[in-house]
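Student: I would like to go through this model by asking about its contacts. Can we start once it is on the screen?

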Amino acid sequence: MQATHDILSDFILPPSITAPDGNFFTFTGMRVVVGSNPPPKFKVTKATKAEFPASDGQSVSYAVLQFPSGGMNPLHTHPHFAELLFLVQGSLEVGEVDTTGKLYAQTLQKEDMFLFPKGLVHYQYNSNAQYPAMALSAFGSASAGTVSIPTTLFTGGTSDDVLAKSLKTDVATIQKLKAGLAPPKP
Ligand code: GLV
Ligand code: MN
């Protein structure tokens with residue numbers, strides 16, 4: 001469980017570290033990402049508490065988002081924090097929907113920033129057929145805390161009947177949607 005109160009010390013040490021030095025505050029895991037070939041599908045590389053323990057309690061973390069042509073980060077939300085995206089390479093379609101159902105969409109150019117407020121459902125999509133895109137996202141939490149909309153709806157265990165009624169459709173349609181989300185058989 002993430003602490004919801006202010007930390008009471010300069011920083012929080014994991015039990016395995018007793019004498020921290022500069023290395024504790026250094027994360028080198030992005031060296032292999034920045035400048036690498038675009039991955040075959042959307043890929044996120046995080047520096048959150050799990051990968052970078054120094055961020056524990058500091059209300060901040062980063063992720064590098066890589067989008068090949070057509071790559072998409074599907075609809076999701078972060079209930080606990082805002083996200084500030086900086087587009088480093090390429091162009092990127094982004095959008096978010098507020099609590100009244102209004103969509104705020106944008107086509108970002110390299111070096112643009114876009115803010116995703118806490119809790120709003122959002123996506124990112126590289127619709128460019130030729131060029132990959134890469135973005136750096138800052139999160140206002142050391143925990144990634146992502147809620148995927150497709151996963152929450154269709155793989156969370158909610159009954160087909162409730163889903164069909166909620167989405168004003170039939171059970172066959174729900175099962176078709178679920179089948180499309182199932183991991184491919186090995
Ligand atoms: C991007 O929106 C992410 O949350 O990784
Ligand atoms: Mn996000």
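**Questions on the model**

Tutor: His 78 and His 122 are both buried, where buried means under 20% relative accessible area, exposed over 50% and partly exposed in between (1.4 Å probe, protein chains only). This is a predicted model: local features need pLDDT of at least 70, side-chain atom pairs count only at pLDDT 80 or more, and totals for chains, interfaces and linings use all residues. Residues are numbered from 1 along each chain as its sequence is written, chains are lettered from A and ligands numbered from 1 in the order in which they are written, and side-chain values use heavy atoms, with hydrogens and water left out.

Student: Which residues coordinate the manganese ion (ligand 2)?

Tutor: Donors are N, O and S atoms within 2.8 Å of the metal (3.2 Å for Na, K and Ca); water is not among the atoms, so sites may look incomplete. The coordinating atoms here lie at 2.1 to 2.2 Å.

Student: What is the geometry of the site of the manganese ion (ligand 2), given its six donor atoms?

Tutor: Six donors count as octahedral if opposite donors are over 155 degrees apart and all others between 65 and 115. Four are square planar by that same rule, or tetrahedral if all angles lie between 85 and 135 degrees; anything else is irregular. Here the angles run from 72 to 175 degrees, and the site is irregular.

Student: Why is the pair of Phe 81 and Phe 139 called tilted?

Tutor: Rings of Phe, Tyr and Trp (its six-membered ring) pair if their centres lie within 6.5 Å; planes under 30 degrees apart count as stacked, over 60 as edge-to-face and the rest as tilted. The structure holds seven aromatic pairs. In this one the ring centres are 5.1 Å apart, and the pair is tilted because its planes stand at 55 degrees.

Student: How many residues apart in sequence are the parts that Phe 81 and Phe 139 tie together?

Tutor: Both Phe 81 and Phe 139 are buried. Phe 81 lies in the loop between β3 and β4, and Phe 139 in strand β9 (residues 133-139), so the parts they tie together are separated in sequence by 58 residues.

Student: What is the N to O distance in the salt bridge of Asp 160 and Lys 178?

Tutor: A salt bridge is a side-chain nitrogen of Lys or Arg within 4 Å of a carboxyl oxygen of Asp or Glu. By this rule there are four. For Asp 160 and Lys 178 the N to O distance is 2.5 Å.

Student: Which helices does the pair of Asp 160 and Lys 178 tie together?

Tutor: Asp 160 counts as buried at 18% relative accessibility. Lys 178 is partly exposed at 25%. The two lie 18 residues apart in sequence, in helix α2 (residues 160-166) and helix α3 (residues 171-181).

Methods:
Helices (H or I, at least four residues) and strands (E, at least two) are DSSP runs, numbered from the N terminus.
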